[in-house]
Amino acid sequence: MTSPLPDPPDRGAPRVRRAPRRRLEDAGAAGLPALCRAPGTGDGAPAGAGATHDLLDPTTGAVLTRVAGTTPAEAAAALARAAASARGGWAWLSGEDRARHLYALAATLEAAVRPLAVTAALVAGRPVREGLDVDGPALLDAAFSAAGWADKLAAVGVRPRAGGVVVLVATWRTPAADLLAAATTALALGCGVLLRARPAAAPAALHVARACAEAGLPADLVGVAPGADAEADAALWDAGDLAGVVAGGDAEALRELALDLADRGTPLVAQPDPAGVDVVLAGADLGAACAAVLRAVADGAWRRPGGSRVLVAEALAAEVLARLTEGAAGLRVGHPLDRATDVGPCPSPELARAAASARTRPAAVPADLPEGGWWALPAVLVTGPRTAPPPPGPLVGVRTLRGEAEVPALLAGAGEVTVWGGRNGPGPHRTGDRAGPAAGLSLLRRLGG
Amino acid sequence: MADAGSRPALRPRPRGGGDDVRTALAAAARAAATWGAQPGLARGRALLAVAAELESRRAQFVDEVRRGEGLRVTEAVAAVDATVDDAVRWAGWADKLDLLDPGRRGAPGVVGVLAPAGDALRAPARAVLPVLAAGGAVVLVASPDVPRPAELLGQAVATALPAGCLVVLHAEGGSAEALAAGVTRLDARWCGGDLRAVRRAAAAAGGLVLEPPAGRSAHDLDDAARVGPHRPAENPWPRATSPA
């Protein structure tokens with residue numbers, strides 16, 4: 001299935017010339033096959049009756065690889081295999097033994113950092129430098145930290161859910177660290193894991209499953225069921241061995257999933273797409289605050305799939321706006337496999353279109369970037385009471401506060417909030433952070449018995 | 001240049017005299033500054049490497065525990081395996097201590113530990129690992145009769161942690177009192193016996209002696225109870241043990 005290509009976002013604007021592109025990271029490190037399919041399904045033969053999805057290259061719009069979707073029967077069988085593996089070779093292990101296996105997994109994942117970073121660059125346009133320098137260490141930390149829960153369940157009052165299967169719904173915007181944290185936590189509880197990877201997440205999910213096998217975890221304990229078929233989803237939600245679901249996405253999709261799971265009372269850990277908001281008040285370190293906002297702009301929809309906003313005190317607004325505008329202009333848009341790139345293409349043509357239409361003035365895409373890519377240039381947009389926040393992407397909307405009393409109402413729906421300055425000191429003061437041991441314990445308790 | 005032949009012989013390990021205790025405390029203080037500044041995950045990874053080192057020398061530990069304590073091989077194996085499990089366990093706590101001990105304000109600095117006469121490996125390990133996980137350093141007075149397992153433990157720790165994080169002293173006359181006078185926390189929960197002189201020394205220096213739990217073994221303490229009392233206090237005097 002092919003997604004329509006976006007309209008050229010910068011129609012009418014000249015393409016600017018700049019220094020030649022540097023050498024690109026080897027795309028072969030991703031190990032993308034011509035057809036991504038779940039292990040154990042239809043090797044050497046047409047893959048079941050599931051739909052086949054084309055994965056497009058965000059830098060060109062051309063077909064990068066294809067993903068064989070899982071049929072309802074295949075999905076149910078994969079879940080049953082994970083449950084059987086959990087019961088037969090995992091759940092009866094002591095917490096200490098599970099911890100050792102999971103630490104071995106955390107160590108094995110070091111070899112998966114580069115393939116995952118290159119995969120994210122190819123599939124979702126995530127700059128490879130960020131994948132290697134930020135996402136890689138984050139995923140290793142997440143796996144190590146979650147592994148440590150396996151022998152501490154009693155200490156934190158959590159009962160193991162031995163023998164069940166936790167389904168993790170992964171999308172292109174599921175960071176590898178979140179995926180590994182959830183998978184390792186489920187394994188720490190004695191469960192098996194099934195990665196229900198939407199097509200764009202399938203290559204990364206296959207890397208994770210391969211790392212689990214290489215770490216010596218029992219065969220089929222961590223399975224993959226790629227695809228977006230609603231009937232296959234339903235087959236999973238109806239499975240008797242289903243112990244829990246971890247899913248991200250927009251609020252409406254998560255509400256529907258909660259309804260699907262409500263009859264059976266299956267625990268759902270919903271991780272709504274975070275909209276990131278930075279609140280800059282008097283006393284803030286403007287240098288640090290603007291640098292953090294610019295990092296969020298560069299990370300774009302990858303890190304903040306709900307969009308990015310800044311609420312700034314009136315007295316600081318002009319300076320913050322000037323700094324952000326200058327900083328955004330200095331961000332280098334480029335090929336995601338180029339280590340010098342700050343901002344890669346958007347992960348989907350729809351996001352590129354939305355980002356282009358949110359700009360008030362056309363901007364020129366650098367001439368050395370491949371045509372047909374889903375490029376969007378970084379921008380700082382001024383918003384107000386009558387303008388909507390900008391869409392997800394390398395954009396940030398800046399809104400001036402008349403007073404601090406306005407802040408609570410403007411934070412409605414925000415996922416991650418960072419306050420700079422104000423009565424609690426320069427900060428940053430963060431809420432809604434998904435990383436760290438407190439978030440890990442929360443996940444453990446929601447999945448555990 | 002002095003004649004090499006006139007130099008005093010190098011001693012393979014600190015013996016436990018007053019000078020040795022002071023030297024050990026200074027080394028531990030330096031190590032604590034470095035170690036305590038490490039992020040929790042880095043400390044956890046280092047402790048996991050210690051666990052791997054313990055496991056790689058399992059046969060040696062089993063042999064020393066058997067020789068020292070006269071245990072059956074199955075008992076010695078169980079003691080060594082439990083110690084490895086403890087090391088793995090505290091490796092996992094290192095980044096989660098704020099959840100285990102919510103009142104924690106920072107690394108505990110240098111903690112003194114008195115090892116019991118028996119149980120020459122597991123008890124010292126159970127006393128030492130929570131401190132190391134929290135970013136502190138330990139000066140351990142080993143069992144007077146069976147010091148070898150504790151020494152091996154020190155060697156294993158030194159393979160992955162900064163030098164001085166675990167200094168093992170021999171129990172000599174007055175070493176426990178000298179140590180009590182030099183630290184704000186002396187963990188004596190794992191050893192019985194007469195602690196009056198130790199308590200006096202600690203009280204005189206404004207330190208605190210952690211006493212054996214009443215009516216039960218220190219092995220029965222949960223993880224929070226093991227690490228909580230090492231929390232640095234703003235003023236240790238009000239909680240200092242009075243001399244009997």
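This report walks through selected features of chains A and B in a predicted model.

**Chain B at a glance**

Let us start with the overall make-up of chain B. Its secondary structure comes to 10 helices and 5 strands. Of the 244 residues in chain B, 52% are buried. If you look at contacts in chain B with a separation of 6 or more, 77% of them involve residues 24 or more positions apart.

**Where the two chains meet**

Chain B and chain A touch through 15 residues of chain B and 15 residues of chain A. On the chain B side, helices α2 (40–56) and α4 (73–93) each supply at least two residues. The most comes from α4(B), which gives 6 residues. Sorted by class, the side of chain B that touches chain A holds 6 nonpolar, 2 polar and 7 charged residues.

**Two helices of chain B**

Next, have a look at helix α6 of chain B, residues 122–133. This helix has 12 residues and spans 16 Å from its first C-alpha to its last, close to the 16 Å expected at 1.5 Å a residue. Helix α6(B) is mostly covered, with 12 of its 12 residues buried. Among the buried residues are the arginines R122(B) and R126(B), as well as P124(B) and P130(B). After the helix comes G135(B), which has a positive phi near 95 degrees.

Helix α9 of chain B, residues 196–205, is worth a visit too, and R200(B) lies in it. The buried residues V198(B), R199(B), A201(B) and A202(B) belong to α9(B). They cover an arc of only 165 degrees around the axis, so they sit on the same side of α9(B). The cover over the buried residues of α9(B) includes α8 (175–182), β4 (185–187) and β5 (208–210) of chain B. R200(B) itself is partly exposed, because 18 other C-beta atoms lie within 10 Å, while a buried residue needs 20 or more. Between R200(B) and V88(B) there are 36 Å in space, C-alpha to C-alpha, and the two are 112 residues apart in sequence. Just after α9(B), G206(B) takes a positive phi of about 80 degrees.

**A covered strand in chain A**

How many of the residues of β5(A) are buried? The strand is mostly covered, and the count is 6 of 6.

Strand β5(A) pairs with β4(A) (residues 165–170) and with β6(A) (residues 222–224). From β4(A), the chain crosses through helix α5 (residues 176–188) of chain A to β5(A) in a right-handed β-α-β crossover. A right-handed β-α-β unit is also made by β5(A), helix α6 (residues 202–214) of chain A and β6(A).

| Strands | Sense | Bridges | Residues opposite each other |
|---|---|---|---|
| β4(A) and β5(A) | parallel | 6 bridges | V165(A) and G192(A) |
| β5(A) and β6(A) | parallel | 3 bridges | V193(A) and V222(A) |
| β2(A) and β3(A) | antiparallel | 5 bridges | L56(A) and V63(A) |

**An open sheet in chain A**

The β2(A) and β3(A) pairing in the table belongs to an open sheet of 3 strands, in the order β1-β3-β2 (chain A), with mixed pairing. Its edge strands are β1 (35–36) and β2 (52–56) of chain A, and each pairs on one side only.

**A helix with two faces**

To finish, consider helix α7 of chain A, residues 230–237. Which residues of α7(A) are buried? They are A232(A), D233(A), A235(A) and L236(A). Seen down the axis of α7(A), these residues fall within an arc of 160 degrees, so they line one face of the helix. As background, an α-helix has 3.6 residues a turn, so residues three or four places apart point the same way. The buried residues of α7(A) pack against α1 (72–89), β4, β5 and β7 (242–249) of chain A. On the face turned away from that buried side, α7(A) carries the exposed residues A230(A) and E231(A).

Key:
Residues are numbered from 1 along each chain as its sequence is written. Chains are lettered from A and ligands numbered from 1 in the order in which they are written. This is a predicted model: local features need pLDDT of at least 70, side-chain atom pairs count only at pLDDT 80 or more; totals for chains, interfaces and linings use all residues. Two residues are in contact if their C-beta atoms, placed from the backbone, lie within 7 Å. Helices (H or I, at least four residues) and strands (E, at least two) are DSSP runs, numbered from the N terminus. Ala, Val, Leu, Ile, Met, Phe, Trp, Tyr, Cys and Pro count as nonpolar, Asp, Glu, Lys and Arg as charged, and the others, Gly among them, as polar. The expected span of a helix is 1.5 Å times one less than its number of residues. Two strands pair if DSSP finds at least two bridges between them. A crossover is right-handed if, with the strands pointing away from the viewer, the path from the first strand over the helix to the second runs clockwise. The arc is that of the directions from the helix axis to the C-beta atoms.
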